[in-house]
Amino acid sequence: MKVTIFGTGYVGLVTGTCLAEMGNHVVCVDVDAGKVERLKKGDVPIYEPGLEPMVIRNHAEGRLDFTTDAAPAIAHGDVVFIAVGTPPDEDGSADLQYVLAVANTIGDHIDRYTIVVNKSTVPVGTADRVRAAVAERLKQRGVDVPFDVVSNPEFLKEGDAVEDCMRPDRIVVGSSSERAIERLRKLYAPFNRNHDRMVVMDERSAELTKYAANAMLATKISFMNEIANIAEHVGADVELVRRGIGADPRIGYHFIYPGAGYGGSCFPKDVQALARTAHSVGYDARLLGAVEAVNDGQKSRLFALLSKHFDGNLKGRTVAVWGLAFKPNTDDMREASSRRLMEQLWDAGAQVRAFDPEASDEARRIYGERDDLVLVAHPYDALEGADALAIVTEWKAFRSPDFQRVKSLLRTPVIVDGRNLYDPAIVEEAGLAYYGIGRGRSLAGREHG
Ligand code: UDX
């Protein structure tokens, strides 16, 4: 099939590449000429395992191309995807200007039956707005071209994006047009594996499904963080509680890891946007507000623990930070907990020596050159002359460090573990003070034992 994709961000680029991999002819459109040039050369601007070789191969084999030129790209596609950004505007609602601008462009150029598929995460009702925008432009042109608008949200995870796209657990298609549904059934058939993954529904339900999925996952995390905070106060260990509840299949082990809070491009934005949508129709989504508030508090936990350890005086101290990305296997630092920690440390007059396997360039881009941030190339280099080590991202490389080496390099031997990677007993045996998230038992043990 011939496919056009607007937007070469995570969603657009991964979707386009996977569709090309399945034998479709895909043209990706982006307004950023520099990015388009890089992509044509096989230089993928984001770090996503497996993506770059797939882009290079499909481009070389003529199934995947990149352009800034919307008109011929629209003429190419039987199916035109909208996968542009929906950043939050000042009040947390999703800003639809890019989505609607693409809808206008589509309306300006289509000249045969076209399926417009919205993949961007958009508030309920956006399919109607896209339909209206396309129809308006057709009217202005004085032509009557048939088209359908479909809501087809994307559920890929950064770091696993290619795998998620090639092997989806479900493909949500929101449409009231049989013709569009049948075309998409064909397009997605190769992704079905053993059974039909397509869940067909109306546009609004599809739009809400995306927000509901992310809000549910964010809720699980904030719930566990709340339990972790209670555990700390009552002298229980949340890691044991986690295992104890996860064994119940109705709860499950996934997404109940307490930590320094969730970040990334989706959860913070989507929880907020869903709350705004609810508010706009007169419903007060109290649970969503609490999910966000707990997460916000959680992002400050590492600083609070460090501050407590150093009796509120971090001025002149140096803190080693392991992990800057909002999660492993990405260089993305959007809403990352590391940012809150570093900013709080700087405000308190402390220095940061940070290591991340992928995100150093991103940190440099965000913060520029500054005296109180040293980015190092090896994990142990971060510890040189540091007073404490804070773990913010659970990269595999941090899972089993040489604690003796950590101890000998740190000026004061203390680890603040924002992802509960270590067994407190082992760290303490090595002669380091240890603070995790919700590990009340070990804290109580140290304070009273
Ligand atoms: C998420 C959804 O998983 C995906 O389906 C959706 O399409 C986009 O949003 P992503 O943002 O890539 O994907 O990251 P994810 O792996 O879900 O992690 C989000 C954040 O939650 C990370 O900061 C992670 O550290 C944190 N997290 C995750 C926890 O704190 N505890 C957990 O148990 C799981």
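## Ground rules

Residue numbers start from 1 along each chain, following the sequence as written. Because this is a predicted model, local features need pLDDT of at least 70 and side-chain atom pairs count only at pLDDT 80 or more, while totals for chains, interfaces and linings use all residues.

The chain splits into domain 1 (2–200) and domain 2 (202–449), with bounds that come from an automatic or database domain assignment. Their C-alpha centres sit 33 Å apart. The contact between them takes 25 residues from domain 1 and 24 residues from domain 2; two residues are in contact if their C-beta atoms, placed from the backbone, lie within 7 Å.

Helices (H or I, at least four residues) and strands (E, at least two) are DSSP runs, numbered from the N terminus. That side of domain 1 divides into 12 nonpolar, 11 polar and 2 charged residues. Here Ala, Val, Leu, Ile, Met, Phe, Trp, Tyr, Cys and Pro count as nonpolar, Asp, Glu, Lys and Arg as charged, and the others, Gly among them, as polar.

## Around the ligand

The ligand has 18 residues around it, and the closest are Glu158, Tyr257, Tyr262, Gly264 and Cys266. A residue is near a molecule or strand if its C-beta atom, placed from the backbone, lies within 6 Å of it. Both domains take part: the shell draws at least three residues from each of domain 1 and domain 2.

Helix α9 (residues 203–234) gives the most to this shell, with 3 residues. By type, the shell has 11 nonpolar, 4 polar and 3 charged residues.

## The six-stranded sheet

An open sheet of 6 strands runs in the order β11-β10-β9-β12-β13-β14, with parallel pairing. Two strands pair if DSSP finds at least two bridges between them. At the edges are β11 (373–375) and β14 (433–435), each pairing on one side only. From one strand to the next, the twist averages 20°. Strand β13 (residues 414–417) pairs with β14 over 3 bridges, and Val416 has Tyr435 in β14 as its bridge partner.

Helix α13 (residues 301–309) lies across β9 (318–322), β12 (388–391), β13 and β14, at about 155° to β13. Helix α14 (residues 337–347) also packs on the sheet, touching β9, β10 (351–355) and β12, with its direction at about 175° to that of β9. Axes are lines fitted to C-alpha atoms, for helices over the stretch in contact, and angles run from 0 to 180 degrees between N-to-C directions.
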